[in-house]
Amino acid sequence: DARGSNSRNQSLSEGRSKAIVEYLVAKGIKRERLVAKGYGETEITNGCTDGVKCSEEQHLANRRVVLKLLDVKKVKKLRKTND
């Protein structure tokens with residue numbers, strides 16, 4: 001969500017995405033098939049940005065993980081940009 005500093009929210013978002021990768025690896029998915037990407041405050045879905053009064057439920061809606069299925073070429077490209 002957009003509460004707190006941008007850098008803190010970016011860090012939290014990256015931590016969530018990495019935790020999902022670790023979960024999937026523990027379930028047998030090969031790590032090299034996964035890419036974690038945290039977006040912090042850059043992908044707010046409902047207008048609850050800095051300075052906007054929102055309910056706890058609205059803030060929670062922005063604290064999410066999205067799983068995208070990509071082809072192998074896109075995964076390789078994302079790996080290069082994230083390293």
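**Contacts, burial and salt bridges**

Guide: Welcome! Leaving out neighbours within four places in sequence, Ser-17 is in contact with Ala-36, Lys-37 and Gly-38; contact here means heavy atoms within 4.5 Å. This is a predicted model, where local features need pLDDT of at least 70 and side-chain atom pairs count only at pLDDT 80 or more, while totals for chains, interfaces and linings use all residues. Residues are numbered from 1 along each chain as its sequence is written, and side-chain values use heavy atoms, with hydrogens and water left out.

Visitor: Why is Ser-17 called buried?

Guide: Buried means under 20% relative accessible area, exposed means over 50%, and partly exposed is in between (1.4 Å probe, protein chains only). Ser-17 has a relative accessible area of 10%, so it counts as buried. You will find Ser-17 in helix H1, residues 6-26; helices are DSSP runs of H or I with at least four residues, strands are runs of E with at least two, and both are numbered from the N terminus.

Visitor: How do you know that Ala-2 is buried?

Guide: Its relative accessible area is 5%, so Ala-2 is buried. Ala-2 sits in the segment before H1 and touches, among others, Asn-9, Glu-41 and Ile-44, not counting residues up to four places away in sequence.

Visitor: What makes Arg-64 partly exposed?

Guide: Arg-64 has a relative accessible area of 32%, so it is partly exposed. Arg-64 belongs to the loop between helix H2 (56-61) and helix H3 (72-82).

Visitor: Which backbone oxygen does the side chain of Arg-64 reach at 2.6 Å?

Guide: That of Glu-43. The Arg-64 side chain also reaches the backbone oxygen of Asn-62, at 3.2 Å.

Visitor: What makes the pair Arg-3 and Glu-56 a salt bridge?

Guide: A salt bridge is a side-chain nitrogen of Lys or Arg within 4 Å of a carboxyl oxygen of Asp or Glu. For Arg-3 and Glu-56 the closest N and O atoms are 2.9 Å apart, and the pair forms a salt bridge. Arg-3 lies in the segment before H1 and Glu-56 in helix H2, so this pair ties together parts that are 53 residues apart in sequence.

Visitor: Which residues are linked with Arg-3 in a network of salt bridges?

Guide: Asp-1, Glu-56 and Arg-63 are linked with Arg-3 in that network. Within it, Asp-1 forms a salt bridge with Arg-3, with the closest N and O atoms 3.0 Å apart.

Visitor: How many salt bridges does the structure hold?

Guide: The structure holds 5. One of them joins Glu-22 and Arg-31, with the closest N and O atoms 2.7 Å apart.

How values were computed. A polar contact is a pair of N or O atoms within 3.5 Å; within protein, one must be able to donate a hydrogen and the other to accept it, and residues adjacent in sequence count only if both atoms are side-chain atoms.
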